[in-house]
Amino acid sequence: MNIIEYADRDMLAIDVANQIAEDLNTHLLSHETASVAVAGGTTPAPIFDDLCAADLAWSRIRVMATDERWVDSNSDRSNARMIRERLLVNRAAAAKFVPFYVQNQDPEDAIGGIEASISSDLPISVLLLGMGEDMHTASLFPGVQGLRAALEPTAPALAILRPDSQPEARISLSARVLDAAISKHLVIYGAEKRKALQRALLLPAEEAPIGAVLTAMTVHWAP
Ligand SMILES: O=C1O[C@H](COP(=O)(O)O)[C@@H](O)[C@H](O)[C@H]1O
């Protein structure tokens, strides 16, 4: 794990957007398509504001969320909505988005179709992860039912999780898929998340899921 510290969040956003664009461009030099899995929540939006303008062959890039909340794609809790509004604009509007939420279905009924829709995108070319202060990443929350299976090296690509702390079911890329991404970036802001990441290194993954996906990870931190 390599940690890069930035003076502020604006500088971090510009630099991470540039690195992701470079990673995607490099991948496209030797592959017909590239996949990028990006976190939801609040952290990545300023990075998307820069990344969306990158001069890339966006029509050859497939974008997915690292995880989704089982809510309508117009809900303000939808990760897809945030990605649509902040990343899939400007030049990046030419990218193909692969949704994880399926209207009028339960996650259990939809998961097989969603897994099929991402099978050709694996391993993920570029990963942009976030992390909560509770050390969850994507929707792999500490102690949630189903976490142990989602941490297994043989886990399916996607897991359904229903954390008690959250108002809706979640669907998440499993630790195996997150950890196997070719180029990996984790972005965290503030002293509390920095401390949480340090703590995670000392804990089992069931208590600190971020610890399961840190192989060859570049961590970007700003106060
Ligand atoms: O619920 C989620 O939380 C994490 C962290 O979110 P943040 O707002 O603290 O950045 C996020 O990475 C994940 O994709 C999201 O669904």
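What pLDDT does the protein average? This is a predicted model, and the protein averages a pLDDT of 98, with 100% of the residues scoring at least 70. The model scores ipTM 0.99 and pTM 0.98.

Seven of them form an open sheet, with parallel pairing, in the order 1-10-9-6-2-3-5. The edges are strand 1 (residues 2-5) and strand 5 (96-97), each of which pairs on one side only. Strands of a sheet pair through backbone hydrogen bonds, either parallel or antiparallel. Select E5 to see one end of a bridge; the partner of E5 is W221, in strand 10.

**Helix 7**

Next, select helix 7, residues 190-200, and colour K193, L197 and A200, which are buried. Why do these buried residues line one face of the helix? Seen down the axis of helix 7, they fall within an arc of 60 degrees, so they share one face. An α-helix has 3.6 residues a turn, so residues three or four places apart point the same way. The buried residues of helix 7 pack against strand 9 (183-189) and strand 10 (218-222). Turn to the other side of helix 7, where A191, E192, K195 and Q198 are exposed.

**The ligand**

Select the ligand and display its surroundings. Around the ligand are A39, G40, G41, T42 and T43, together with T66, D67, N79, G130, G132, A138 and S139. By class, this shell holds nine polar residues, two nonpolar residues and one charged residue.

**Backbone details in the loops**

Most residues other than glycine have a negative phi, and most peptide bonds are trans.

- Select L122 and P123: the peptide bond from L122 to P123 is cis, with omega near -5 degrees. P123 is placed in the loop between helix 4 (107-118) and strand 6 (126-129).
- Select N90, in the loop between helix 3 (79-86) and strand 5. The phi of N90, a residue other than glycine, is positive, near 55 degrees. N90 counts as partly exposed because it has 15 C-beta neighbours inside 10 Å.
- Select A216, in the loop between helix 7 and strand 10. The phi of A216 is also a positive value, near 55 degrees, in a residue other than glycine. Is A216 buried or exposed? With 11 other C-beta atoms within 10 Å, A216 is exposed.

Key. Residues are numbered from 1 along each chain as its sequence is written. This is a predicted model: local features need pLDDT of at least 70, side-chain atom pairs count only at pLDDT 80 or more; totals for chains, interfaces and linings use all residues. A residue is near a molecule or strand if its C-beta atom, placed from the backbone, lies within 6 Å of it. Ala, Val, Leu, Ile, Met, Phe, Trp, Tyr, Cys and Pro count as nonpolar, Asp, Glu, Lys and Arg as charged, and the others, Gly among them, as polar. A residue is buried if 20 or more other C-beta atoms lie within 10 Å of its own, exposed if 12 or fewer, and partly exposed in between; C-beta atoms are placed from the backbone. Helices (H or I, at least four residues) and strands (E, at least two) are DSSP runs, numbered from the N terminus. The arc is that of the directions from the helix axis to the C-beta atoms. Two residues are in contact if their C-beta atoms, placed from the backbone, lie within 7 Å. pLDDT is the predictor's confidence in each residue, from 0 to 100. Two strands pair if DSSP finds at least two bridges between them.
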